[in-house]
Amino acid sequence: MATAPFIHARYAYSPRICNRSKSASQSQQGSIPSSSHPSSSNSAFTFSSGTNSGQRHQGLRAQAMSTVTGGKSFASIGNVKNDPDHLLVLVHGILASTGDWTYAEAELKRRLGKNFLIYVSSSNAYTKTFTGIDGAGKRLADEVLQVVKKTKSLKKISFLSHSLGGLFARYAIAVLYSPDTYNRDQQGDLANSMTENSPRTSFSRGGMIAGLEPINFITLATPHLGVRGRKQLPFLLGVPILEKLAAPIAPLFVGQTGSQLFLTDGKPDKPPLLLRMASDCEDGKFLSALGAFRWRMIYANVSYDRILSVCFLVLQLARYIYDKLLAHFPSILPPRQSLDGYKHVVDVEYCPPVPSDGPQFPPKAAKAKEAVQNAPSTQNTVEYHEIIEDEMIRGLQQLGWKKVDVSFHSAFWPFFAHNNIHVKNEWLHNAGVGVIAHVADSLRQQEASSILSASL
């Protein structure tokens, strides 16, 4: 869990977002869902109170990562010609480049085999990440389309994104989304499948992304609710006056992206981009695009993530109290145990969708936004973000999610958690190799399940 200076009093999220029965939670958290439940077999935005048990984790890996191919390689079952038919797009975060994925790319290729075409996005390198989530998302969408057009064997698509890259990917899939039902034997012009502004009332009835069948949407330490600024942005150096003015000065450092992350973009009477991205709106079918994926997974650092401390996945009081007690009374509480074979991956839990009317932008939100834009203060920022975060959660929880907790509390460099989670540098951030292994095995298991289901 994030350390004391980075915690905001938003712990009321957990009971409401993770609104599920005990039996539902127990039935989902132990295994990777099968392809027969495409909309609910996904990851969670929030987690319930409490800590994990070592015994439960020992059994979790055996259930979730067991092979179901009868001793045969899933690649050999699904693809006789060994041509890649599953595109996995890796998307880096802010002020980063393709080099951030050097280790992960190599490891994923080694573990997943020739069935996957692993493509590292390069369209938003370094300062291009400052041009806005929408601009970066459109560039990513164009890049993905070019890859799809050049590789005729592709039939499926997945995304693995780190940090801000997760928001780029969420925007890009809305650009690439088509409500048409995927048919593995379909032919024709890809552009014809990119239907725009099609009516849609459900967020979990399929569709296509770039003309391909969407399978996995995975994010690592992504600020899905934006940021508030309190010691989250390293360039502010923790200086109180700069932290107080974080929202208005963010555009000076990170351009339009800064305004969008702080939810201050646009006129006072217009919802910020991240709120619009929690729904289907005139800007795009954001929720329908997410709902088209069979699985949605979120990996979140539960501690030491100085950049992502406000993400609602880490705003959970029980985990915070646990870390505090562990720090001061290590003999009382045992450390959270890693899943067997996946060091620093400490918990996997499923949260089913919660029906709602979706996010709104009430008058009080517009008034609060205007106050933040014209008279920025800590109080104004907190009040505004609480309103908007509630509404974003209302929208995003309409889909089922699987969340994976990651804790680098015992790592040699725990304060590198934000870069450890995707092994930005193999030597400096190698504490995250277990996370990449877990991602790879999850992808492998889901691919095997998908192929077997299709062959039945």
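The model is predicted, and local features are reported only at pLDDT of at least 70, side-chain atom pairs only at pLDDT 80 or more, whereas totals for chains, interfaces and linings use all residues. Residues are numbered from 1 along each chain as its sequence is written, and side-chain values use heavy atoms, with hydrogens and water left out.

**Overall values**

The protein holds 16 helices and eleven strands, these being DSSP runs numbered from the N terminus (helices H or I with at least four residues, strands E with at least two). Of its 456 residues, 58% are buried, which is to say under 20% relative accessible area, where exposed is over 50% and partly exposed lies in between (1.4 Å probe, protein chains only). Among contacts with a separation of 6 or more, 81% join residues 24 or more positions apart, a contact being heavy atoms within 4.5 Å.

**The seven-stranded sheet**

Seven strands form an open sheet in the order β2-β1-β3-β6-β9-β11-β10, and their pairing is mixed; two strands pair if DSSP finds at least two bridges between them. Because β2 (116-120) and β10 (345-351) each have a single partner strand, they stand at the edges, with one side of each left without a neighbour in the sheet. Neighbouring strands are turned against each other by 15° on average, direction ignored.

| Strand pair | Sense | Bridges |
|---|---|---|
| β6 and β9 | parallel | five bridges |
| β9 and β11 | parallel | five bridges |
| β10 and β11 | antiparallel | six bridges |

Axes here are lines fitted to C-alpha atoms, for helices over the stretch in contact, and angles run from 0 to 180 degrees between N-to-C directions.

**Strand β9**

All seven residues of β9 (residues 295-301) are buried, so the strand is largely enclosed by the rest of the structure. In a regular strand the side chains alternate between the two faces of the sheet. In β9 both faces are covered, with Trp-295, Met-297, Tyr-299 and Asn-301 buried on one side and Arg-296, Ile-298 and Ala-300 buried on the other.

**Helix α6 and the cores**

Helix α6 (residues 133-150) has 18 residues and reaches 26 Å from first to last C-alpha, close to the expected 26 Å, which is 1.5 Å times one less than the number of residues. Its buried residues include Ile-133, Leu-140, Glu-143 and Val-144.

The largest nonpolar core has 58 residues, of which Ile-133, Val-144, Phe-159 and Ile-209 touch the most other members; such a core is a set of buried Ala, Val, Leu, Ile, Met, Phe, Trp, Tyr and Cys residues joined through side-chain atoms within 4.5 Å. Elements that each supply at least two residues include β1, α6, β3 and α7 (164-176), and α7 gives the most, with nine residues. Beyond its neighbours within four places in sequence, Val-144 is in contact with Leu-87, Val-89, Ile-157, Phe-159, Leu-176 and Ala-210. A second, separate core of 34 residues includes Ile-118, Leu-160, Met-297 and Val-348.
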